[in-house]
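Biologist: I'm new to this one, so could you put it up and walk me through it?
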Amino acid sequence: MNSLLSWVIDTLNASPVSGFVMDNAVVFPILEMAHFLGLCLLFGSLLVVDLRMVGFAKAVPIKQVDVFLRWALIGFAINMISGLLFVIGDSDRYLVNIAFGAKMACIVLAGINTLYFIKCIKPQMASMPLSARALNTPAQLGKNAYVVAWLSLLLWTCVIILGRFIPYVETP
């Protein structure tokens, strides 16, 4: 194993946060529940927004769907905090796990996709006339919005699947 990685794992395992997470009988299960709640908020909200962007529920105004983005951010924050505590608490399980590495790569790609959405697609949706905003279709938003929405659904689905693989994938 890489000496830097070994040092990081040893340092994290020796931290008081690691002891708090792993030595307390209720902390890890509470973190698992928080992570699941965050996942529900994040993926459920993105599901509504992304499916709306690809053309489902056309009668729902985009302004109402926009509210779900706040819930997605709250869910992401919950998952980021709980996930960081998982890694600190059990770093020798996570940091060497290929499924965890792939999950993190998918999260980075989803983050880049989200930045593109915020910089390019969201302003386009906000500038649409009110009548078009209520009845927008993928064609009105452009092909990029369609691709961004499907890519978001694909990446976050991969994050969920890879997260479920973590306990079952042996470390190399």
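Biologist: Which residues does H35 touch, not counting residues up to four places away in sequence?
Modeller: H35 touches N79, S82, G83, F86 and K103, where a contact means heavy atoms within 4.5 Å. Please keep in mind that this is a predicted model, in which local features need pLDDT of at least 70 and side-chain atom pairs count only at pLDDT 80 or more, while totals for chains, interfaces and linings use all residues. Residues are numbered from 1 along each chain as its sequence is written, and side-chain values use heavy atoms, with hydrogens and water left out.
Biologist: With which side chain does the side chain of H35 make a polar contact?
Modeller: That partner is the side chain of S82, at 2.6 Å; a polar contact is a pair of N or O atoms within 3.5 Å, and within protein one must be able to donate a hydrogen and the other to accept it, while residues adjacent in sequence count only if both atoms are side-chain atoms.
Biologist: And is H35 buried or exposed?
Modeller: H35 counts as buried because its relative accessible area is 18%, and buried means under 20%, using a 1.4 Å probe and protein chains only.
Biologist: Where does H35 sit?
Modeller: H35 belongs to helix α3, which covers residues 27-53; helices are DSSP runs (H or I) of at least four residues, and strands (E) of at least two, numbered from the N terminus.
Biologist: Zooming out, how many helices and strands are there?
Modeller: The chain has 9 helices and 0 strands, and its C-alpha trace spans about 60 × 30 × 25 Å along the principal axes. Of its 172 residues, 35% are buried.

Conventions
Buried means under 20% relative accessible area, exposed over 50%, partly exposed in between (1.4 Å probe, protein chains only).
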